[in-house]
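Hi there,

Here is the structure I promised to pass on. Have a look at it first, and then read my notes below.

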Amino acid sequence: MTKRQVAKFRKILQTKRSELLRDLRERRHGLTIELAGDPVDWLRSLADQELTVRSVDLESALLREVDRALRGIEESTFGRCAWCDREIPPKRLEAVPWSPYCVACQELAEQERAAQPGLGVTELFCLPGRAA
């Protein structure tokens with residue numbers, strides 16, 4: 001990968017990181033417990049809070065992926081699959097610049113995740129019988 005390409009991805013990742021941090025601050029600020037007198041209003045508020053918490057969880061996970069990709073740029077490992085160590089095609093990085101896996105390894109992880117619900121990608125690649 002050329003220095004120009006790396007600089008372009010760094011800028012994209014930094015912009016995404018700033019966007020995620022701003023969104024997370026706003027969402028976390030919105031997490032307040034409201035004591036409503038009406039049970040229906042209280043349940044609605046509780047459901048809204050649950051959706052916000054799930055959203056914060058997803059955005060936090062994405063922020064970790066973006067931070068990992070930025071570390072990869074600093075460590076000169078960006079653009080290499082975390083599992084097979086092959087180069088991730090530029091088209092894949094254009095679509096998902098924080099992707100730690102090439103398409104083949106991502107598909108494998110998704111197949112195994114479907115077969116073993118509850119496991120994250122990292123745990124899937126560390127299953128017994130899988131060589132690192």
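S76 is exposed, with a relative accessible area of 66%. Keep in mind that this is a predicted model, and that goes for everything else in this email too. You'll find S76 in the loop between α2 and α3, where α3 covers residues 90–95. What is the phi of S76? It's positive, at about 60°, even though S76 is not a glycine. To see why I stopped there, recall that most residues other than glycine have a negative phi.

Is D85 buried, partly exposed or exposed? It counts as partly exposed, because its relative accessibility is 47% and the exposed label needs over 50%.

While you're in that loop, click on A82, which is found between α2 and α3 as well. A82 is exposed, with a relative accessible area of 57%. Which residues does A82 touch, if you leave out those up to four places away in sequence? The answer is P100 and Y101. A82 and Y101 are 19 residues apart along the chain, yet their C-alpha atoms are separated by 5.7 Å.

Now for the helices. Take α1 (residues 3–29) and α2 (residues 39–74): their axes come within 9 Å and cross at roughly 155°. That makes α1 roughly antiparallel to α2, since an angle over 145 degrees gets that label. As for handedness, α1 passes α2 in a left-handed crossing. What kinds of residues make up the contact of α1 with α2? By class, there are 13 nonpolar, four polar and nine charged residues.

Zooming out, here is the whole protein chain:

- Its secondary structure comes to five helices and zero strands.
- From the N terminus on, the elements run α-α-α-α-α.
- The chain has 132 residues, and buried ones make up 29% of them.
- Take the contacts between residues at least 6 apart in sequence: 51% of them join residues at least 24 apart.

Then turn the model until you can see α1 and α2 crossing at roughly 155°.

Cheers

Notes: Residues are numbered from 1 along each chain as its sequence is written. This is a predicted model: local features need pLDDT of at least 70, side-chain atom pairs count only at pLDDT 80 or more; totals for chains, interfaces and linings use all residues. Side-chain values use heavy atoms; hydrogens and water are left out. Axes are lines fitted to C-alpha atoms, for helices over the stretch in contact, and angles run from 0 to 180 degrees between N-to-C directions. Helices (H or I, at least four residues) and strands (E, at least two) are DSSP runs, numbered from the N terminus. Angles under 35 degrees count as roughly parallel, over 145 as roughly antiparallel, 65 to 115 as roughly perpendicular and the rest as oblique. A crossing is left-handed if the near helix is turned anticlockwise from the far one by less than a right angle, and right-handed if clockwise. Ala, Val, Leu, Ile, Met, Phe, Trp, Tyr, Cys and Pro count as nonpolar, Asp, Glu, Lys and Arg as charged, and the others, Gly among them, as polar. Buried means under 20% relative accessible area, exposed over 50%, partly exposed in between (1.4 Å probe, protein chains only). Contact means heavy atoms within 4.5 Å.
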